[in-house]
Each structure stands twice: as structure tokens, then as C-alpha cells.
Amino acid sequence: MILAACVFFPVYYMVVSSFGPAIETGSVSYSLIPRKISLDSYKFFFDYSKNSVRWLLNSLIVSGTVTITNVAFATLAGYAFAKLRFPGSRFFFFLLLVAMMVPYQVTQVPLYMLVVNKLHMQDSYAALIAPSLVTCYNVFLA
């Protein structure tokens, strides 16, 4: 129960803060229950920039595509590693485990150079989606 409270408290705080006045969120005497409910933060977000709906749509497209492809590809690869015996399966699984040990931050610059310089995919959805179509960690979990 305590662990669940620790996990869900940041989500609760985010939602409550978004419906309260911005000045109250930054104050020292912030309460966990807002004194006044306000939609000013949402009004500011949508009025401040005409691109806000486009930003939300971009996030939905990228995150939805990456999630769906990860579930599909990682499930298939995970099943192949778990149930099928093929030549080199142990070697490829070992490579998968080794790839999981490399931090993502180490691969960011080479990945950027590959996407921009070699594949010429800058300023596109493909540049964001392609590197994340399937991840080693998700294959391992599947």
C-alpha cells in the first residue's frame, strides 16, 4: 500500500497542480488539495501557441507508433528466443544481453549522425520512430 502511494503520488501531484493556480503550485505553503480549481494553465497552454495541438498530435503519433511496434516486434522476437531453437540462438541472445548493457546515452551521438548524415531523415517522424521500433529491453522482457 505504501509502495503504491509512493508510485502514484507524483501523478496525483501533477494532476492536482495542473488544475490549481500557477502561483499556488510554486508557493512554499502548497496544499495537496487545491484551494481553488482553475483551468488557467490549460488556457495558457492552448492560447500561448497556435502549435500546441500539433505538439500533442506529434507526441501521440510518435509514442503510439513506437509502443505498437515495440509490442509487436518484441513479442515475436521474445517468442522466437524462448520457444524456438535455431542455429545461433544462444549467440544472438548473448548479443541481446550485451546490447542491453550499453547505456542509451552512449549511442545517441552516433545514432544522430546516422539518421541525419547517412539516412537524411531529419525533421521527420521516421527519424524519431525508426531507432525505437524495437528495443533490446522489450525483447528481453517478452
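This is a predicted model: local features need pLDDT of at least 70, side-chain atom pairs count only at pLDDT 80 or more; totals for chains, interfaces and linings use all residues.

Me: What makes a residue part of the lining of the second largest pocket, and which residues line it?

Reply: On a 1 Å grid over the protein atoms alone, a pocket is an open set of points where a 1.4 Å probe fits, with protein on both sides within 12 Å along at least five of seven lines, and a lining residue has an atom within 4 Å of a point. The residues that line the second largest pocket are Tyr104, Gln108, Leu111, Tyr112, Val115, Val116, Ala127, Leu128, Pro131 and Ser132.

Me: How do you know what the lining of the second largest pocket is like by class?

Reply: Ala, Val, Leu, Ile, Met, Phe, Trp, Tyr, Cys and Pro count as nonpolar, Asp, Glu, Lys and Arg as charged, and the others as polar. Sorted in this way, the lining of the second largest pocket has eight nonpolar, two polar and no charged residues.

Me: What is the volume of the largest pocket, and which element gives the most to its lining?

Reply: The largest pocket has a volume of about 380 Å³, where volume is the space filled by probe spheres set on the grid points. Its lining includes Ala99, Met100, Tyr104, Leu111, Cys136 and Tyr137, and the elements that give two or more residues to it are α5 (89-100), α6 (104-118) and α8 (136-141). Here α6 gives the most, with three residues, and by class the lining of the largest pocket has nine nonpolar, three polar and no charged residues.

Me: Why is Asp47 said to form a salt bridge with Lys43?

Reply: The term requires a side-chain nitrogen of Lys or Arg within 4 Å of a carboxyl oxygen of Asp or Glu. For Asp47 and Lys43 the closest N and O atoms are 3.6 Å apart, and the pair forms a salt bridge, the structure holding one in total. Because Asp47 and Lys43 are four residues apart in helix α3 (residues 40-48), they are separated by about one helical turn.

Me: What makes Asp47 partly exposed and Lys43 exposed?

Reply: Buried means under 20% relative accessible area, exposed over 50%, and partly exposed in between (1.4 Å probe, protein chains only). Asp47 has a relative accessible area of 46% and is therefore partly exposed, whereas Lys43, at 54%, is exposed.

Me: Why is the aromatic pair of Phe44 and Tyr48 called stacked?

Reply: Rings of Phe, Tyr and Trp (its six-membered ring) pair if their centres lie within 6.5 Å, and planes under 30 degrees apart count as stacked, over 60 as edge-to-face and the rest as tilted. A search of the whole structure finds nine aromatic pairs. One of them joins Phe44 and Tyr48, which lie 5.1 Å centre to centre with 25 degrees between the planes, and so count as stacked under the cut-offs. Phe44 and Tyr48 are four residues apart in helix α3 and so about one helical turn from each other. Phe44 counts as exposed at 56% relative accessibility, as does Tyr48 at 63%. Elsewhere, ring pairs link Phe81, Phe86, Phe93 and Phe140 into a cluster.

Me: How do you know whether Ser52 is buried or exposed?

Reply: Ser52, in helix α4 (residues 52-83), counts as buried because its relative accessibility is 1%. Leaving aside neighbours within four places in sequence, Ser52 is in contact (heavy atoms within 4.5 Å) with Phe45 and Phe46.

Conventions:
Residues are numbered from 1 along each chain as its sequence is written. Side-chain values use heavy atoms; hydrogens and water are left out.
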